Amino acid sequence: MMHPRRRASCSEPARPLSGGNARVSPEVSAEQDDEGEEGDVGTWSALVPELLDDILRRVDAGAERWPQRRDVVVFASVCRRWREAAVALVRPPLRCGGITFLSSLKQPGPKEAPIQCFIKRNKKNSTFHLYLSLTQAALTGQGKFLLAAHKNRCAYRMEYIIFIRKDLSHGSHVGKLKSDFTRTKFTIYDLQLQYEGAKVPISRYRPWLARKQINPPVSTGNVETGEETYEYNLLKSRGPRRIHCSIQCPVNEDTAIDPHEAKQLCTPSSLVLYNKAPRWHEDLQCWCLDFHGRVMVASVKNFQLIAPAGTGQPWGIQDDETVILQCGKIEDDVFTMDYRQPLSAFQAFAICLTSFGSKAGT
């Protein structure tokens, strides 16, 4: 017996039903599927600009921190017009002090207060995960995932591949880090991506429309953006490391960048950083630095990077006491990472990874 509202094709033999309440759904062709998607997009993009801006401002005002910040990302995923409106309104990390879109990971951090993050290391599978701290009180706890890295050994050399997905899936890498055979010199490479013909994903409840995804980005090659050197220490782990870093940083970047329409809006300039020299503590009989309560365990991997006097003027750095990046150990396999302008989260993470792979001071 067939469903009373469905008629079988005359050319197809009847099939037995596996259950008493079987339902037959009509097939949806690819052309009809695309027409339905375009219709949905057209409906959402037809909102009055004033109403669209008002909705976005309300969503942005009510989601200042993660996980509520996810509402802004969902808003930008509705259609191209909504994404353009979100990119125009949402301020970059330099202005708002927070991270919203994936493009924020490669934009400079804030100028005043640093963005506080932490790194979790897994020695068994040689992976590192970077998280954004969600609370100021707790050093770790629950965090918003930002980046991941996997360490590879190539003879005497060391290589780190940086991913934007937690599962390190293929095609999600955004940069890499390579060392020389002495593992005291590291080169940072930024993977330049170009999005061609990308479609914005739409929330759907129909299973046959769920297969639509964003077209993968096309890689245009790795670009060398930085270099970090560790000076050899005769005292090894009994003495502090000496770090010298040179990295390309944008001089000015006031607006958010759409990852689907990324353009070079600012000219990068070379920034020179070196580690702040610790002082010897007579009572404790060890080298000390003031991490303002962000570091709990003594380690040779603890460091603070500053800019030489007079070299940070293009980025508003007035003196050589401003800490641009600091990394320190909290507990076994957990480290804090705090960065500010002109470094981005990607650059700061890459610099911190070198402290795990360097043989200097070990």
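Two rings of Phe, Tyr or Trp count as an aromatic pair if their centres lie within 6.5 Å. In this predicted model, F128, Y160, F335 and F356 form one aromatic cluster. The structure holds eight aromatic pairs. One of them joins F128 and F356, whose rings are tilted, with 5.0 Å from centre to centre and 40 degrees between the planes. F128 belongs to strand 2 (residues 127–133) and F356 to helix 6 (residues 345–357), so this pair ties together parts that are 228 residues apart in sequence. F128 is buried, at 2% relative accessibility, and F356 is buried as well, with a relative accessible area of 10%. Another pair, W280 and W287, is edge-to-face, with 5.3 Å between the centres and 75 degrees between the planes. W280 counts as partly exposed, at 36% relative accessibility, and W287 counts as partly exposed at 39%.

K120 is placed over the face of Y131, at 5.7 Å from the ring centre. K144 lies over the face of W66, and here the distance from the ring centre is 4.6 Å.

The protein chain as a whole has six helices and 14 strands. Of its 362 residues, 41% count as buried. The chain exposes about 20,800 Å², of which carbon and sulfur atoms supply 51%. Among contacts with a separation of 6 or more, 56% are between residues 24 or more positions apart.

In soluble globular proteins, nonpolar side chains tend to be buried together. The largest nonpolar core has 47 residues, and those with the most contacts inside it are I162, L325, M337, Y339, F349, I351 and L353. Helix 6 gives the most to this core, with nine residues. L353 touches F128, A149, Y160, I162 and L177, leaving aside residues up to four places away in sequence.

Helix 6 is mostly covered, as 13 of its 13 residues are buried. The length of helix 6 can be checked against its residue count. At 1.5 Å a residue, its 13 residues should span 18 Å, and the end C-alpha atoms are 19 Å apart, which agrees. The expected span is 1.5 Å times one less than the number of residues.

Several features of the backbone were also examined. Most residues other than glycine have a negative phi, and most peptide bonds are trans. A cis peptide bond joins W66 and P67, with omega at about 5 degrees. P67 is found in the loop between helix 2 (49–61) and helix 3 (70–76). The bond from Q341 to P342 is also cis, with omega near 10 degrees, and P342 lies in the loop between strand 14 (334–339) and helix 6.

Positive phi values occur at L168 and at D333. Phi of L168 is near 55 degrees, and this residue sits in the loop between strand 4 (157–163) and strand 5 (173–179). L168 counts as partly exposed, at 22% relative accessibility. For D333, phi is about 65 degrees. D333 is placed in the loop between strand 13 (323–331) and strand 14, and counts as partly exposed at 22% relative accessibility.

Notes. Residues are numbered from 1 along each chain as its sequence is written. This is a predicted model: local features need pLDDT of at least 70, side-chain atom pairs count only at pLDDT 80 or more; totals for chains, interfaces and linings use all residues. Side-chain values use heavy atoms; hydrogens and water are left out. Rings of Phe, Tyr and Trp (its six-membered ring) pair if their centres lie within 6.5 Å; planes under 30 degrees apart count as stacked, over 60 as edge-to-face and the rest as tilted. Helices (H or I, at least four residues) and strands (E, at least two) are DSSP runs, numbered from the N terminus. Buried means under 20% relative accessible area, exposed over 50%, partly exposed in between (1.4 Å probe, protein chains only). A charge sits over a ring if NZ of Lys or CZ of Arg is within 6 Å of the ring centre and within 35 degrees of the ring normal. A nonpolar core is a set of buried Ala, Val, Leu, Ile, Met, Phe, Trp, Tyr and Cys residues joined through side-chain atoms within 4.5 Å. Contact means heavy atoms within 4.5 Å. Accessible areas come from the Shrake-Rupley method with a 1.4 Å probe; for residues, only the protein chains shown count as cover.
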